[in-house]
Amino acid sequence: MTTYDIIGDIHGEAGKLRGLLNTLGYKPDVDGVFRHETNTAVFVGDFIDRGSQQWEVYQIVRPMVEKGGALAVAGNHEFNAIGYATPHPEGTDYLRPHDGPWGPKNLKQHKDFLQQIPFGSPEHREIIAWFTTLPLFLELDDLRVVHACWHQPSIDVLKAAGLAEGLTTLEAIYAAYDAFGTTPALNAAIEMVLKGPEIPVGNYGGFYDKDENYRTDARLRWWLSGETRLRELADIPLNKQGELQLPDIDLALDPSLLYPATAQPVFFGHYWRTGEPVLIGARAVCVDYSAAREGHPLMAYRYRAGDDLAQSNFVSFVG
Ligand SMILES: [Mn+2]
């Protein structure tokens with residue numbers, strides 16, 4: 001059985017990536033490409049944005065994938081970067097607008113990336129083209145990998161549309177962004193797997209997220225199989241919980257939103273965990289421990305296909 005090292009959101013932290021690969025026993029080959037004698041690295045996406053070494057991260061990861069020592073899925077940051085780089089087929093702006101009411105917010109989100117990899121440069125075109133080759137999810141041996149959320153109905157929509165292998169054509173990118181207003185189900189499915197489901201909490205006052213943006217929707221802890229309580233299901237950052245008094249009520253959720261306790265193990269990133277790594281669901285492992293923040297680790301989970309999940313399989317590097 002293959003052993004996989006599933007590696008969390010890197011967000012431009014090339015130093016932490018090298019340190020973690022080293023810790024996991026990956027060594028540069030004659031071409032300088034990191035490789036493990038037996039194991040396969042699996043990246044859960046979000047290679048870019050925030051950190052100062054985004055091009056370096058790309059230069060480490062892409063050759064690993066192309067030489068067969070690693071696999072990778074797309075994150076929401078790669079999806080957003082594709083949209084920001086792709087002209088809208090019906091207008092002068094881009095799929096992810098540069099102008100209009102969303103322009104300033106989008107520019108702010110892409111600022112760090114575009115400072116390091118200037119818009120329209122050969123490097124920008126190259127990295128965006130690579131992003132389009134990233135699959136949106138993976139099924140390997142007995143495990144599943146996705147950036148944010150394994151939601152089977154959404155996965156099925158993407159498979160049926162032929163998008164499992166990535167947004168490899170302009171038509172696929174247009175469809176993913178619902179550019180012609182004809183494919184909302186496809187856009188919703190992409191949003192679900194790359195950004196995850198949310199639940200409204202605005203009636204209880206909302207909250208300010210880690211970037212101090214006011215939010216009326218909280219991320220849903222879809223990994224909590226069988227959970228019904230709003231307080232448990234709303235993923236409010238620990239230091240924000242005092243601001244938001246959620247009532248002690250049960251939610252009538254669509255049951256397909258929660259990951260079944262009998263399903264195959266699923267590995268994902270996206271959720272900015274902090275503190276000691278924990279198994280957060282019966283069959284779910286989050287490997288995002290906020291590497292973009294100083295003093296926080298880049299995290300991996302070493303999984304041998306067929307084994308039970310165990311906390312001792314986390315491997316971290318803080319640097
Ligand atoms: Mn993410």
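**Close-up views of a predicted model**

**View 1. Asn-76 lies in helix α3.** The model shown is predicted, so local features need pLDDT of at least 70, side-chain atom pairs count only at pLDDT 80 or more, and totals for chains, interfaces and linings use all residues. Residues are numbered from 1 along each chain as its sequence is written, and side-chain values use heavy atoms, with hydrogens and water left out. Helices (H or I, at least four residues) and strands (E, at least two) are DSSP runs, numbered from the N terminus. Asn-76 counts as buried, at 8% relative accessibility; buried means under 20% relative accessible area, exposed over 50%, and partly exposed in between (1.4 Å probe, protein chains only). When neighbours within four places in sequence are left aside, Asn-76 is in contact (heavy atoms within 4.5 Å) with Asp-46, His-147, Leu-194, Lys-195 and His-270.

**View 2. Ala-189 lies in helix α8, residues 184-195.** Ala-189 is buried, with a relative accessible area of 2%. Not counting residues up to four places away in sequence, Ala-189 touches Ser-154, Val-157 and Leu-158. Between the C-alpha atoms of Ala-189 and Val-157 the separation is 6.7 Å, although these residues are 32 residues apart along the chain.

**View 3. Tyr-94 and Phe-119 form an aromatic pair.** A search of the whole structure finds 21 aromatic pairs. Rings of Phe, Tyr and Trp (its six-membered ring) pair if their centres lie within 6.5 Å; planes under 30 degrees apart count as stacked, over 60 as edge-to-face and the rest as tilted. The pair of Tyr-94 and Phe-119 is edge-to-face, with 5.7 Å centre to centre and 90 degrees between the planes. This pair links distant parts of the chain, 25 residues apart: Tyr-94 is in the loop between α3 (76-85) and α4 (103-116), and Phe-119 is in the loop between α4 and α5 (122-131). Tyr-94 counts as partly exposed at 22% relative accessibility, and Phe-119 is partly exposed with a relative accessible area of 35%.

**View 4. Trp-223 and Tyr-271 form an edge-to-face aromatic pair, 4.8 Å centre to centre, with 75 degrees between the planes.** Trp-223 lies in the loop between β11 (217-220) and α9 (230-233) and Tyr-271 in the loop between β13 (266-268) and β14 (284-286), so the pair ties together parts that are 48 residues apart in sequence. Both Trp-223 and Tyr-271 are buried. The charged end of Arg-219 sits over the ring of Tyr-271, 5.4 Å from its centre; the rule requires NZ of Lys or CZ of Arg within 6 Å of the ring centre and within 35 degrees of the ring normal.

**View 5. The largest cavity holds about 40 Å³ of space.** On a 1 Å grid over the protein atoms alone, a cavity is a set of points where a 1.4 Å probe fits but cannot get out, and lining residues have an atom within 4 Å of a point. Grid points are joined across faces, edges and corners, and a volume is the space filled by probe spheres set on the points. The residues that line the largest cavity include Ala-74, Glu-78, Phe-79, Ile-82 and Phe-131. The largest share of this lining, 3 residues, comes from α3.

**View 6. The second largest cavity holds about 30 Å³ of space.** Among the residues that line this cavity are Ala-81, His-110, Phe-119 and His-124. The largest share of the lining of the second largest cavity, 3 residues, comes from α4.

How values were computed
1 Å grid on protein atoms, 1.4 Å probe; cavity = no way out; pocket = protein on both sides within 12 Å on 5 of 7 lines; lining within 4 Å.
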